[in-house]
Amino acid sequence: MSRPELIAPPEIYYGDTEARKYTKNSRNQQIQADMTYRALELLSLPPDQPAFLLDIGCGSGLSGEILDEEGYTWAGVDISPSMLEVALEREVDGDLFLQDIGQGFGFRPGSFDGAISISVLQWLLNADSTHPTSSPPHRLQRFFTTLHSALRNPSRAVFQFYPSSDDQIQLITSIAQKAGFGGGIVVDYPNSNKAKKIFLCLFIGGGGTQPMPKGLEGDEVVGAGAKFERRRERVSTQARSRKRKSIKDRDWILKKKELYRKRGKEDVPNDSRYTGRKRRPVF
């Protein structure tokens, strides 16, 4: 079976049907959850402190839900309108942007405390045009240069991706380094064809003192399964809870608004006797 990035550009491949199919697939949900938790581990953010994160290639918000659960504020960018439409239908809490990451970002310098990306970076390695500005090196250069500007100093960015060759890894890491990043490749379960995962862990600042994380070792079942077992159960429990509680009650809304205020989010509506009141449907 051909890799998706070799079939069509992401905005075409992830049309309405594929976007919903991907989001509803329980296996995709589990893989996305595992990789997002691992990316957060590699991001190594200070515990119990708020952070504003960028989810690159956020899709329908599967990773964003985990960022919410971990207490982070986030913004997501994706090139697929269909994926973002599904994210809106699912009422994710992050701010969403339709963006071709190969054209670079327009965020203010130092906007984010960190960035994660799950299964996205390899899409930049396939050009769908012969124009020089559409070549993989040019798109990677724009991507990493503008990302470097958008992150505060010090910070990290972690990408889980699927390279098809060592040459692709070398191309990506060399361009990231030219853009000003430190860091490198982290490989989990390198001796397992099935469990092996590749992460690009990039650093900004820190005076060269940021230690390079080590990849996970061991057996696929004992390693990945045991490590994420409790988290998987928590994700499953929270997903069932969200499904049962499709209509948000007053206590839930008040708690969420208070959380937003603590995070410093502006324009949070004031509480009133109408907060959480059930409204008549409008058509």
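Helix α7 passes helix α8 in a right-handed crossing; a crossing is right-handed if the near helix is turned clockwise from the far one by less than a right angle, and left-handed if anticlockwise. The model is predicted: local features need pLDDT of at least 70, side-chain atom pairs count only at pLDDT 80 or more, and totals for chains, interfaces and linings use all residues. Residues are numbered from 1 along each chain as its sequence is written, and side-chain values use heavy atoms, with hydrogens and water left out. Helices (H or I, at least four residues) and strands (E, at least two) are DSSP runs, numbered from the N terminus.

The axes of α7 and α8 are 9 Å apart, and the two helices pack at an angle of about 40°. That makes α7 oblique to α8. Axes are lines fitted to C-alpha atoms, for helices over the stretch in contact, and angles run from 0 to 180 degrees between N-to-C directions. Angles under 35 degrees count as roughly parallel, over 145 as roughly antiparallel, 65 to 115 as roughly perpendicular, and the rest as oblique. From α7, P137, L140, Q141 and F144 meet L171, I172, I175 and A176 of α8. By class, this contact has seven nonpolar residues, one polar and no charged. Ala, Val, Leu, Ile, Met, Phe, Trp, Tyr, Cys and Pro count as nonpolar, Asp, Glu, Lys and Arg as charged, and the others, Gly among them, as polar.

Leaving aside neighbours within four places in sequence, F144 is in contact (heavy atoms within 4.5 Å) with residues including L121, F159, F181, L200 and L202. The largest nonpolar core has 31 residues, and F144 is among those with the most contacts inside it, as are I56, L121, F143, L147, F159 and F181. Such a core is a set of buried Ala, Val, Leu, Ile, Met, Phe, Trp, Tyr and Cys residues joined through side-chain atoms within 4.5 Å. Elements that give two or more residues to this core include β1 (52-56), β4 (112-118), α7 (136-150), β5 (151-161) and α8 (166-178). Helix α7 supplies the largest share, five residues. A second, separate core of 25 residues includes A33, M35, I66 and I116.

A further helix pair was examined. Helix α4 (residues 26-43) and helix α5 (residues 62-69) have axes that come within 9 Å and cross at roughly 50°. The pair is therefore oblique, and the crossing is right-handed. Q29, Q32, A33, T36, Y37 and L40 of α4 make the contact with L62, S63, I66, L67 and E69 of α5. This contact has six nonpolar, four polar and one charged residues. S63, in α5, is buried, with a relative accessible area of 1%. Buried means under 20% relative accessible area, exposed over 50%, and partly exposed in between (1.4 Å probe, protein chains only). Not counting residues up to four places away in sequence, S63 touches Q32, T36, D55, I116 and I118.

In helix α6 (residues 81-89), S82, M83, L84, V86 and A87 are buried. Their cover includes α3 (16-24), β2 (73-78) and β3 (95-98). Just after α6, E91 takes a positive phi of about 60°.

Overall, the protein chain has 10 helices and seven strands. Of its 283 residues, 45% count as buried. Among contacts between residues at least 6 apart in sequence, 65% join residues at least 24 apart.
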